[in-house]
Amino acid sequence: MTTVGDVVAVLEAAYPPALAESWDAVGLVCGDPAEPVDRVLVCVDPVEATVDEALELGAQLVVAHHPLLLRGVHGVPASTPKGGLVHRLIRAGAGLFCAHTNADAAAPGVSDALADALGLTVTGPLNPNDDGRTGIGRVGELPAPEPFHAFVERVAAALPATAAGVRGAGERDRLIRTVAVSGGAGDSYLGVATALGVDAYVTADLRHHPASEHLALGAVPALVDVAHWASEWPWCEQVAAILRGAVGGNVDITVSIRTTDPWTVVSAR
Ligand SMILES: [Zn+2]
């Protein structure tokens, strides 16, 4: 028998809580470590769609990247969206575990999964911790240089489709070989990627002014902006592989296939 606590121990060995940022909230949100688990759902966002998916599967544990309760709360009344999710999970006998910035920084972590999906050979973290091995983002190399427009197509093909799609900013035909990636909102590391002199930087939630000012400075690295959810979704397969390796004999691990990117309607104009 495998317990929730056993699964949590495997996840905390892979994504040590000590690697989380001080403002973050990681670990078990609800759930009894002593209870048995034979089905786990791995997802990016702990939201209505993924809780539905977990309960339909009969999962006793949801492993999510984003925290459900990042800021302090006084209660979890079922009349609020987040409290409602906590109630649904507990009533169904399911726990929720979140690995956020600890999963970003760990090696392998969120950005290794993104880099692997893009076919990059990782050479190290974008913003390394003191150990030089862990840290936010990754830098890697393509097997061969390719024009930026082809690289943008590569990114789109590698990630799950979203309504908002993939956008590039930079010279269409400039050759791309070295690439920095940062799963999730990565515009705060644009300066680091620029200082490293990589050819392209792939992340999510790039804002107008940082992107515009970057282009004015010469547009190197070229920028690729993807949906936040899509940039972190490859991590789910990494988690699933780690859990299958450790407890796969007793526990069925499913990666969520429900798109939880909030942007779902695009104008036809
Ligand atoms: Zn994120």
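Which residues does Val-179 touch, not counting residues up to four places away in sequence? In this predicted model, Val-179 touches Leu-120, Arg-138, Val-139, Gly-140, Leu-142, Phe-151, Val-198, Ala-200 and Val-202.

**Nonpolar cores**
- The largest nonpolar core has 49 residues, and those touching the most other members are Val-40, Val-63, Phe-151, Val-179, Val-202, Trp-235 and Leu-243.
- Helix α10 (residues 234-247) supplies the largest share of this core, 6 residues.
- Another core, of 15 residues, lies apart from it and includes Cys-30, Val-51, Leu-68 and Cys-98.
- In soluble globular proteins, nonpolar side chains tend to be buried together.

**Helix α6**
- Phe-148, Phe-151, Val-152 and Val-155 are the buried residues of helix α6 (residues 148-158).
- Viewed down the axis of α6, these buried residues fall within an arc of 105°, so they line one face of the helix.
- Glu-153 and Ala-157 are exposed residues on the face of α6 turned away from the buried side.
- The cover over the buried residues of α6 includes strands β6 (135-147), β7 (167-169), β8 (175-185), β9 (200-204) and β10 (222-226).

- Helix α9 (residues 228-232) holds both His-228 and Glu-232, which are 4 residues apart, about one turn of the helix.
- Glu-232 counts as buried, because its relative accessibility is 2%.

**Salt bridges**
- The structure holds 10 salt bridges.
- One of them pairs Arg-88 with Glu-48, whose closest N and O atoms are 2.7 Å apart.
- Arg-88 belongs to helix α3 (residues 81-91) and Glu-48 to helix α2 (residues 48-57), so this pair ties together parts that are 40 residues apart in sequence.
- Arg-154 forms a salt bridge with Glu-146, with the closest N and O atoms 2.8 Å apart; Arg-154 is partly exposed at 25%, whereas Glu-146 is buried at 13% relative accessibility.
- Asp-225 forms a salt bridge with Arg-167, the closest N and O atoms lying 2.7 Å apart.
- This pair links distant parts of the chain, with Asp-225 in strand β10 and Arg-167 in strand β7, 58 residues apart.
- Asp-225 is buried at 11% relative accessibility, while Arg-167 is exposed at 52%.
- Salt bridges that share partners join Glu-48, Asp-52 and Arg-88 into one network.

Methods
Residues are numbered from 1 along each chain as its sequence is written. This is a predicted model: local features need pLDDT of at least 70, side-chain atom pairs count only at pLDDT 80 or more; totals for chains, interfaces and linings use all residues. Side-chain values use heavy atoms; hydrogens and water are left out. Buried means under 20% relative accessible area, exposed over 50%, partly exposed in between (1.4 Å probe, protein chains only). Helices (H or I, at least four residues) and strands (E, at least two) are DSSP runs, numbered from the N terminus. The arc is that of the directions from the helix axis to the C-beta atoms. Contact means heavy atoms within 4.5 Å. A nonpolar core is a set of buried Ala, Val, Leu, Ile, Met, Phe, Trp, Tyr and Cys residues joined through side-chain atoms within 4.5 Å. A salt bridge is a side-chain nitrogen of Lys or Arg within 4 Å of a carboxyl oxygen of Asp or Glu.
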